Amino acid sequence: MNKDEFGKSFKWGVSTAAFQIEGSCSAEGKGPSIWDTFSSRKGKILHGQHARVACDFYNRYEQDLDLVKALHIGNFRFSFAWSRILPEGKGTVNQKGLDFYNRLIDSSLERGINPWPTLYHWDLPQALEDLGGWTNRDIVGWFSDYTDLCARSFGDRIDHWMVMNEPMVFTGAGYFLGVHAPGKTGLKNFFPAVHHAVLSMAAGGRILKSANSQAEVGTTFSCSHIEPYSQKSWNVSAAKRADVLFNRLMIEPVLGMGYPDEELSILKGIRKYMQAGDEDKMAFDFDFIGLQTYTREIVRYSLLTPYLHAKLVKAENRKVPLTTMKWEVYPEGIYSIIKKYSAYKQIKKIYITENGAAFPDELRDGGVDDQERLSFIQTSLQQLLKAKDEGCPVDGYFVWTLTDNFEWAEGYHPRFGLIHVDFNTQKRTIKSSGKWYGEFLK
Ligand code: GAL
């Protein structure tokens, strides 16, 4: 496999997210986000860990960008922490927050690295959560104002924008299951959060595009290749319902298809939160769709799972190789995912904006020989190339992630980085996977 086989326009990158790396969570005027609050609550994060320092990226971004450059990675995806820029989520602007992201963008450009910001990677300002967060329809206006401010502040140097990161995960885990911030549960929170996230995504897209029609504007979705546990009809239909929830719910309204609630009727509950004209407002013609995929899911019928009547068969119980996240090691899934989304005629271009794997890396003799991650990335790329060669409009690949970091509710235990971080000393060590990626991109 050779980089040239992917074509000249193919975007090679690495992805990160503000809360997972920055630390400095109350420095220089930053307001608290829901993740600051959530991770300070007892029992929410594995081993009681928090992200007050994380990778100290707020202070070390230049060294980390040097590493991005050393690995010949041309595109750096990061996110803006909304409450660094607007401590209360709206109203007063924190100039120091804008300054930080201006420095980050300028430092990237100085090194020949293209900055790819995401406006929202889950860290909602706590002040807005206090007003209901994603369950309050006013958030569409708050998010639009924040988007507009970012477009005006940074837009002169940004060629590629992403509005949101994985709305299904932050609404599902944060507003239905309660295992992510803000820790809310139930359909009465989930449904309005879904609808307002969808409206905000489309609104954000419109604002960014009208601020600069030359910039490529996209948004990102989580997705997994799903297979039924067996070909029994009840398992096949359970897998279809899971596919609606995990892979289709968020993207289809954006593509102008409305919510796929005919195939999962519980979702009709979202209609309660819809107003006249919303169908149009939910749709936006994004220049690209970012797909983020890590594993596959095996689904079987379950009488006891409310609403969905389907459950994921845990990879642990399937005697398959596992990552630290207990996800099946299944890099082949990226192929079916690209094929699946390429079938939507509305999608013009796909970038894989996250893909990677966590393994129990060990620092030995000054290095980390992470052969499993290396082979995961290589297989993923071969599968991506196969889909591309078959005509799928996939034109970019971003590894999740640059450095080991704060993996949400799992704390620092899962290591996803191309670069190892010793969280006691903040020392960075490029892993074998990072060295390979750098050589490959050279
Ligand atoms: C994604 C998320 C990232 C990262 C990754 C690995 O869902 O966008 O922030 O945590 O998963 O679990």
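Guide: A residue counts as buried under 20% relative accessible area, as exposed over 50% and as partly exposed in between, with a 1.4 Å probe and protein chains only. This is a predicted model, in which local features need pLDDT of at least 70, side-chain atom pairs count only at pLDDT 80 or more, and totals for chains, interfaces and linings use all residues. Residues are numbered from 1 along each chain as its sequence is written, and side-chain values use heavy atoms, with hydrogens and water left out.

Visitor: How is a pair of aromatic rings described?

Guide: By the distance of the centres and the angle of the planes. Rings of Phe, Tyr and Trp (its six-membered ring) pair if their centres lie within 6.5 Å; planes under 30 degrees apart count as stacked, over 60 as edge-to-face and the rest as tilted. The structure holds 46 aromatic pairs. In one of them, Phe 6 and Phe 10, the centres are 5.1 Å apart and the planes stand at 55°, so the pair is tilted. Both Phe 6 and Phe 10 are buried.

Visitor: What are the distance and angle for Phe 19 and Trp 35?

Guide: Their ring centres are 6.1 Å apart with planes at 40°, so this pair is tilted. Phe 19 and Trp 35 are both buried.

Visitor: Which residue lies over the face of Tyr 330?

Guide: A charge sits over a ring if NZ of Lys or CZ of Arg is within 6 Å of the ring centre and within 35 degrees of the ring normal. Over Tyr 330 lies Arg 296, at 3.8 Å from the ring centre. Arg 300 lies over the face of Tyr 229, at 4.1 Å from the ring centre.
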